Amino acid sequence: MRQNDVIVIGGGLAGLFAAITAAKRGRQVMLVTKGVGAIAIGGGSIDVLGYDATGKPVRDPSAALGGLAADHPFAILGQQRVETAVQTFLGLCEAEGYPYQGDLQHNQWIPTALGRLKPTCLTPLTMNSAILKAATDVTVVEFEGLKDYSGRVMVDGLRQCPGYAKNYSLVSLKTDINDGRDLTALDVARWLDSDSGQAAFIERLTAAVRPGSVILLPPVLGTKPDYRLFHALEQATGCKLVETVGLPPAVTGYRLRRLLVNCLGKLNVKMIEQANVVRGIVENGRCTGIVTGNLDRERTYRAESFILASGGFFGGGLQAEAGRAREVVFDLPITVPANSADWSKEKLFFAGSQPFAKFGLQVDGKLRPVDASGKLLLENVYVAGKSLAGYDYCVEKSGNGVALATAYQAGAEA
Amino acid sequence: MKKTTAVIIGGGATGVGILRDLSMRGVAAVLLEQRDLAYGASSRFHGLLHSGGRYAVKDAEAARECAEENAVLRKIGRHCVESTTGYFVRLPEDDPAYEAKWVVACQAAGIPVEPVDLARAHRLEPHFSERAAAVYEVPDAAIDGFRLCRQNVLSAKRYGGKMMNYTEVTSIEQQNGQVTAVKTRNTLTGELGSIECDIVVNAAGSWVGQVAGLAGIKINVIPDRGTLIAFNHRFTDRIMNRLRPPANADIFVPHGSVTLLGTTSSPTERPDDFTPTTEEVLALIDEGKELFDELPRYRLLRAYTGTRPLYCADPTAATREISRNFVILDHAKEGLDGLISIVGGKLTTYRLMAEKISDAICGKLSVQAPCRTAEEALVDDIAPELMQQAKKFFPTAGVELAASRLGPDLAETVQRIQANPAKKELVCECELVTLAEVETVAHDDTTFTMSDIRRRTRMGMGTCQGTYCGLRGLGMMVDNDLARGMTTENLLREFLETRWNGIRPILWGQQMREVELTRGIYGAGLNMDGAVPDETE
Ligand SMILES: Cc1cc2nc3c(=O)[nH]c(=O)nc-3n(C[C@H](O)[C@H](O)[C@H](O)COP(=O)(O)OP(=O)(O)OC[C@H]3O[C@@H](n4cnc5c(N)ncnc54)[C@H](O)[C@@H]3O)c2cc1C
Ligand SMILES: Cc1cc2nc3c(=O)[nH]c(=O)nc-3n(C[C@H](O)[C@H](O)[C@H](O)COP(=O)(O)OP(=O)(O)OC[C@H]3O[C@@H](n4cnc5c(N)ncnc54)[C@H](O)[C@@H]3O)c2cc1C
């Protein structure tokens, strides 16, 4: 039987990156996950810190990390570790042939399908917002039947952003997908994975745009982490291209996930998918194993240390009932307000951070779970990603950044 | 200045019923609604077309009215009613003496009531409690309040009646003891206006006291809150009532793919006190689980609250005890001719209420025409040829749904798809609402917001509660130049926040997951609500 040093629970961004980090240290790693996580829904741009606690846009995330509350995961890690995690991530993408751009000292403002700009830190080259910023002539591309993306909404919104009063034009292109189903960006991206799709698209796009224009399009440039189609399109059209953030499924997230999963393969990390971890086996404050499956067929896996990267309410790592919340694998305590009206605010948006969004596990400096009084609960379990308490990624724009930085730390400790 | 004979205030069932009745009798009438049709109790209710059974013991008159109107509405409002029938179930802890009294009272009120063999009842409705001691069947049914309001307006329009939504009446003008006009304010744009008239009908539901107050007249009404919860699936095909004196949480109503449980009852100051609380929801589940043992494990969809206007001579009376019969108040008695109010009642009896008040108005105007609202259907049935055509374009499961939802708008929707087959794509996957349908409805000159589209099509009513269809619906409005002066941000916010109002009190389980997704999309991903600096770099 395979002897594991480390078992990672959860295959979202945090789980994948933690597994890579531990494996690179020479640990024998196994990753067990139920699903693919938020990355396939949310996307591949890495937010680190877009807004400070007062809602003010952050120019330099690295500098702003110091201003966060003490229980924020970034505050627990400290600026230096976040910097190292970001560098390591950038190096990994580079080495895998799909470099990201950006650094921890700057935020970039990327366009979203709502015609808004959003601060993020690292993006694939296909989302380089500096290109859009500098453009005078912008061609917004829609796809016939892609209902999740309206070029008009995009243009109307962008026009209202300071500095974005550009010369916009709209083109609508056909795909060759005609199986009668409604289209998503992922369908279009899969079409563009095929040689015939690429050829047809290059021809149609070239005919529809003027050289020198900047082409803004939904995230559809293939599902694989490579830039060949992107560069081919730039060549053929004589234009620069920028992908926007859209509705799920998130093609840019698929690419990043694929990159990381490829990397896991090379590092000989065993990945068990569609496996539900139902509980952990704990003896004397240490986890000795985890149990997967359901009542009729259970399996136990043992290791020296464990990384809990099972996500938040969306990922499934946390669950709420009326009046209480819990962590599902170890049944670790989650502190919640006694009065249910204090779980959330009267408005969902434009209201700052939501109390429920910050629910999660409290941890020590090594990211191990502690109780409300600070007492260590499990000495060989390290928590990474959305299971952690103390941050609201939707408002501060920090989701993938917290996942990466805490995963790096957990992977380095475990 | 615009002119008409009668201005009706309030676009709930009562107001639209009056608009239709007066229009059919040839009286020029305009209905003014401060928000959208059915903004008040007529959509924030249980959706039960009462057989009368609930009132049989306590209020024989109300029971008889319900029984009669139930039969009328099944006929004239076919497309608003789902003829489910209903069970009254007595549990062992419920008083058997009440059962005996109830059966006699139902018979006296003309309500057909049939005992049902317990084994058979459980075969037909497998989920309700095995503990049931007795079951009776009555002709309860489910009714769609918004559709009922809309179809009354469509019918009235054919007779010259007019409806203006987002038009709030801000004052009632009078001269020498006679009503002369109303002043209005558009609640979306702030635009002011006025309409000259001889008659003002106050059908403002829970707001009836406020509206009378505009003319300096006092009506003693207490708004009474009632909260309901919607479960994410249909676990009963019949209305399920507890056979006991009316109390909280004792009715389950299946509505399309969901099931509604209600209600609670508590007095409030504000007619628009529409925010449900977790305590109310938990109390409903706790009580409701007596009839459905598995209830605490069923997935919730949302909670909502409506208010009932309870009229009382004695303001200290306990609210549940007040007769739910309606009253008509002719304020000529208080020295203001032309103002007439209608208070109370039920949605089930809206047509009868409209008939009675229209009789009184026609009396004043010396109009002889009789009431015909009970004879003529609200909207024509859809021609079989059109249904055949529609079947080619709609998702199989969606045709019948779309047909009853759209009624007369079906033809235009089918035309849109014929002209451009891409328009059959689904904007709302949960409720199977096509782009063509959303476009048809959005082009209507009384559609302004995305919630208006939701009420007319059910877009956003399903499991995802507007998360996916929000951006799509917005795209459709912008692409068709239908934003009508509203910013994309305001359109989307209004849509998502009204959904949130119903999810907030049930923020656990799957709803918590859905909310993280909604915030992830519109917050983390699309950045709907984050500030954008003056200069980005
Ligand atoms: C709609 C949306 C848009 C977003 N947009 C952005 C963005 O643009 N930029 C950004 O930086 N961030 C964004 N985020 C946030 C970001 O995606 C997440 O914060 C981050 O990916 C979380 O990663 P995670 O690995 O911690 O959790 P998750 O991705 O939730 O992963 C948890 C994993 O654990 C598995 N799991 C859970 N329970 C068990 C169990 N019992 N047994 C086995 N496996 C289990 C799950 O299946 C899943 O694979 C977005 C999020 C959403 C929802
Ligand atoms: C919780 C609950 C459950 C119920 N369940 C049922 C049931 O299952 N079956 C049943 O038959 N009945 C039921 N009822 C009763 C039924 O809903 C109401 O009796 C009926 O809907 C009242 O209709 P209405 O038109 O009188 O009032 P409303 O529907 O409240 O309409 C009044 C309208 O007046 C408008 N308005 C107010 N002020 C102004 C102004 N100044 N200018 C312009 N417009 C104005 C409001 O916006 C509102 O739309 C229930 C009621 C409640 C509260």
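**A friendly note on a two-chain model**

1. Across the interface of chain A and chain B, the rule finds four salt bridges. A salt bridge here is a side-chain nitrogen of Lys or Arg within 4 Å of a carboxyl oxygen of Asp or Glu. Side chains of opposite charge can pair when their charged atoms come close. In one salt bridge, B:Glu429 pairs with A:Lys147, with the closest N and O atoms 2.7 Å apart.

2. Before going on, please keep in mind that this is a predicted model, in which local features need pLDDT of at least 70 and side-chain atom pairs count only at pLDDT 80 or more, while totals for chains, interfaces and linings use all residues. Residues are numbered from 1 along each chain as its sequence is written, chains are lettered from A and ligands numbered from 1 in the order in which they are written, and side-chain values use heavy atoms, leaving out hydrogens and water.

3. How many residues does each chain give to the contact? Chain A gives 58 residues and chain B gives 49 residues, where contact means heavy atoms within 4.5 Å. About 5200 Å² is buried between chain A and chain B, and carbon and sulfur atoms give 59% of that area. Buried area is the accessible area (1.4 Å probe) that two parts lose on being put together, summed over both. A:Phe314, A:Phe349 and A:Phe350 supply 15% of the area that chain A buries against chain B, more than any other three residues.

4. Now look inside. The largest nonpolar core has 215 residues, and A:Phe201, A:Leu221, A:Ile307 and B:Leu410 touch the most other members. Such a core is a set of buried Ala, Val, Leu, Ile, Met, Phe, Trp, Tyr and Cys residues joined through side-chain atoms within 4.5 Å. Helix α1 (residues 13–24) of chain A brings nine residues, the largest share of this core; helices (H or I, at least four residues) and strands (E, at least two) are DSSP runs, numbered from the N terminus. Apart from this core lies another, of 43 residues, among them B:Phe45 and B:Ile340.

5. Is A:Lys166 buried or exposed? A:Lys166 counts as buried because its relative accessibility is 12%; buried means under 20% relative accessible area, exposed over 50%, and partly exposed in between (1.4 Å probe, protein chains only). You will find A:Lys166 in the loop between α7 and β8 (167–173) of chain A. A polar atom of the A:Lys166 side chain lies 3.4 Å from the backbone oxygen of A:Leu132.

6. A:Ala200, in helix α9 (residues 195–208) of chain A, is also worth a look. With 14% relative accessibility, A:Ala200 counts as buried. Leaving out residues up to four places away in sequence, A:Ala200 touches A:Asp176 and A:Trp191.

7. Over all chains, the structure holds 64 salt bridges. The side chains of B:Arg158 and B:Asp380 form one, at 3.8 Å from N to O. B:Arg158 lies in helix α5 (residues 145–158) of chain B and B:Asp380 in the loop between α8 (350–365) and α9 (384–393) of chain B, so this pair ties together parts 222 residues apart in sequence. B:Arg158 is partly exposed, at 45%, and B:Asp380 is exposed, at 56% relative accessibility.

8. One more pair to find: B:Arg416 and B:Glu412 meet in a salt bridge (3.0 Å, N to O). Both lie in helix α11 (residues 410–419) of chain B, four residues apart, about one turn of the helix.

Conventions: A polar contact is a pair of N or O atoms within 3.5 Å; within protein, one must be able to donate a hydrogen and the other to accept it, and residues adjacent in sequence count only if both atoms are side-chain atoms.
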